[in-house]
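Let's take a look around this one together.

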Number of protein chains: 2
Amino acid sequence: MVDKPAPDATRRSERSRRAIYDAALALVAEIGYPRTTVEGIAARAGVGKQTIYRWWPSKADVLLEAFLDLAEEAAREAGHQPYEIPDTGDLAADLKAVLRATVDELLDPRFDAPSRALAAEGLVNEELGRRFVAHLLEPQLQLYVRRLRAAQERGAVRPEVDPRIALELFVSPLAQRWLQHTGPITHAYTDTLVDYALYGIAPR
Amino acid sequence: MVDKPAPDATRRSERSRRAIYDAALALVAEIGYPRTTVEGIAARAGVGKQTIYRWWPSKADVLLEAFLDLAEEAAREAGHQPYEIPDTGDLAADLKAVLRATVDELLDPRFDAPSRALAAEGLVNEELGRRFVAHLLEPQLQLYVRRLRAAQERGAVRPEVDPRIALELFVSPLAQRWLQHTGPITHAYTDTLVDYALYGIAPR
């Protein structure tokens, strides 16, 4: 690692890095996690495998960063900050906005196929599953925890509610429909989840 | 097929059928769905592969019935009817009871490993995924739809609520925690999900 690389070298690195991410995501989508190798990623990205090993210790690490990069890009394209849930003071509206953007991302084929392949591997490979949950999924869920806590402080969420469980009422149904094809994924659907979670299904 | 088989033949068939189910579930847990074959199931069950093909057209069909059988057995062991959600008139109590039994089943290793292997395959093999959802998961979810409709008729659930979406507020969080190891699975947890789903997280 050079502290201040020449501009050309930086550009070359950035290009290689992106080519490696793209290759890793494409490969895992096409042939699955177990058959994806650092060698295969290097060949597809047009770099030597030492280039990959210089930056990442394993294929799991390459994929982890490739997904983080993909999520940031999707957030930027959707016109919002990647690691933030808006706080306009209207909890229902803010949750609906973020979940609508998530629906769009889940339906994006660039995201769908590699994420599905990785999630499938995580189901049977507990170590990998826990690692990706800890680095990719849980940080996203913690954004909801923070937003729900802010609402709780203002009295918009009951004080005894555990935000880490409450968020699952709207996040998990969307995740299950996406993962297991148990139902259509639309903005109307996630809006409904937010309303049911906030106000309950029993009469008020 | 013989209309009235001799008692001995019936007993033999029943024994073979059970050995085939056990072999199919064990194999899919150990080596995954793609590498599980009808030949492998037959060898492990100690039957000829023609015995399997006489009853089921494919490995997917064997596994489908093996899982149905497993679910029925788990329900019987838990002391309740396999295809029924109790209706005591107390919706919260009935949902909590069924979800507690589901927690116990999900934590049972006989169920966990094969179900996880099959769910993983369903994530990347859409045809298989849709088939297992249609035959194994959706019929279970429809039991909740019926129970919620009965509650709706008595005014315990708001009339405008869609029961097929409402059930996901407590079923999907449990499914995601189980599938993706995103959090512990306990009776207290599913009790909490039911309370949040019924009464909402916003103040009443």
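## A space inside

Start with the largest cavity, which holds about 30 Å³ of space. Keep in mind that this is a predicted model. The structure has one cavity of 30 Å³ or more.

What lines the largest cavity? You'll find B:Leu70, B:Ala74, B:Glu105, B:Asp108, B:Arg110 and B:Phe111 there. Helix H4 (59-77) and helix H6 (109-124) of chain B each bring at least two residues to this lining. By class, the lining splits into three nonpolar and three charged residues, with no polar ones.

## Where the chains meet

Now for the interface. Chain A puts 46 residues into the contact, and chain B puts in 46 residues. Together they bury about 4,500 Å², and carbon and sulfur atoms account for 62% of that area. On the chain A side, A:Leu123, A:Tyr196 and A:Ile201 lose the most area to chain B, together 18% of what that side buries.

How many salt bridges does the rule find across the interface of chain A and chain B? There are two. In a salt bridge between A:Arg177 and B:Glu168, the side chains come to 2.6 Å, N to O.

Several helices of chain A give two or more residues to the side that touches chain B, among them H6 (109-124), H7 (126-153) and H10 (187-199). H9(A) gives the largest share of that side, with ten residues. Sorted by class, the side of chain A that touches chain B has 27 nonpolar, eight polar and eleven charged residues.

Note on methods. Residues numbered from 1 in each chain as written. Chains lettered and ligands numbered in written order. Predicted model: local features only at pLDDT ≥ 70, side-chain atom pairs only at ≥ 80, totals over all residues. Heavy atoms only, no water. Contact = heavy atoms within 4.5 Å. Buried area = accessible area lost by both parts, 1.4 Å probe. Salt bridge = Lys/Arg side-chain N within 4 Å of Asp/Glu carboxyl O. Helix = DSSP H or I, 4+ residues; strand = E, 2+ residues; numbered from the N terminus. Nonpolar A, V, L, I, M, F, W, Y, C, P; charged D, E, K, R; others polar. 1 Å grid on protein atoms, 1.4 Å probe; cavity = no way out; pocket = protein on both sides within 12 Å on 5 of 7 lines; lining within 4 Å. Points joined across faces, edges and corners; volume = space filled by probe spheres on them.
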